[in-house]
Amino acid sequence: MQLKKSANANLEDKRLTYVLIGLVFALSVLYVAFEWTTSDVTVAEITDVMVEQFETELDIDQTLQDEETPPPPEPEIPEEQIPDVINVVDNTTETQTIKISSEDDQNKKIDIAPVVKLEEPEEDEDEIFRVVEKQPEFPGGMAALSKYFQSNIRYPVMAQEMGIQGKCICEFVVNKDGSVQDVVVVRSAGDPSLDNEAVRLVKKMPKWKPGEQRGKPVRCKFVVPVTFKIAR
């Protein structure tokens, strides 16, 4: 007949737990054994003499000393520079007296310097101006000048047959009396015959009203265009 035990009474499943508990207990005992040390303990007896000595050592008066701040330095007073030599002036020395009068002396004559007239630089009579205060003017104005060219022009036959047209610009000098001289072509009309006709017309112009500088007639240069156009 086989005996059967109760499952609650079986200790085989708790064997590992008991082994670990025993190992921990053994290690704890071993650690305490290594750390265990013995020392001699001496008990000192405190006497009344020691108490009095201890109280005497603690009975010390401590006083705090206030730190005194030094006063600010006094400002330095600059010493007046005293000259080494003092010159004493004698009272008998005579000084010059200057008399100042604040009253007007009506009888006193005042010399006034004469006004000096500045001499104007002499103008060169032969000087030719390019820019003047008042420009020369053809009698009757520019409209009369254009009419003069239309009435007196002689169109060159060869240039007219070849159909050559253009504008010739002439420069000349208007003298003080209004006469014209030194006629030159500054831009050609494209044909020498047209340029020559323009020069002829300018030289035959009547006298101009001369230009003025500072209110006086002067010689000056002037430029006029002469247009050549064939009527269709």
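User: In this predicted model, which residue of S3 stands opposite Val174?

Analyst: Val180 in S3 stands opposite Val174.

User: How many bridges join strand S2 to strand S3, and do the two run parallel or antiparallel?

Analyst: S2 covers residues 166–174 and S3 covers residues 180–187. Five bridges join them, and the strands run antiparallel.

User: What do S2 and S3 form, and which residue in the turn has a positive phi?

Analyst: They form a hairpin with five residues between the strands. In the turn, Gly178 has a positive phi of about 95°.

User: How do side chains in a regular strand relate to the two faces of the sheet?

Analyst: In a regular strand they alternate between the two faces.

User: How many disulfides does a search of the whole structure find?

Analyst: The search finds zero disulfides. Cys168 is in none, and the nearest cysteine sulfur, that of Cys170, lies 3.9 Å away.

User: Why does Cys168 count as buried?

Analyst: Buried means under 20% relative accessible area. Cys168 is at 0% relative accessibility, so it counts as buried. Cys220 is also buried, because its relative accessibility is 0%.

User: Where is Asp195, and which residues does it touch?

Analyst: Asp195 is in helix H5, residues 192–203. Leaving aside residues up to four places away in sequence, Asp195 touches Cys168, Val185, Ser188 and Ala189.

User: Which side chain of opposite charge is nearest to Asp195, and how far away is it?

Analyst: The nearest is Arg187, 8.9 Å away. Asp195 is buried yet has no salt bridge.

How values were computed:
Residues numbered from 1 in each chain as written. Predicted model: local features only at pLDDT ≥ 70, side-chain atom pairs only at ≥ 80, totals over all residues. Heavy atoms only, no water. Helix = DSSP H or I, 4+ residues; strand = E, 2+ residues; numbered from the N terminus. Buried < 20%, exposed > 50% of the residue type's maximum accessible area, 1.4 Å probe, protein only. Lys, Arg positive; Asp, Glu negative; His and termini not counted. Salt bridge = Lys/Arg side-chain N within 4 Å of Asp/Glu carboxyl O. Contact = heavy atoms within 4.5 Å. Pairing = 2+ DSSP bridges. Disulfide = S-S within 2.5 Å.
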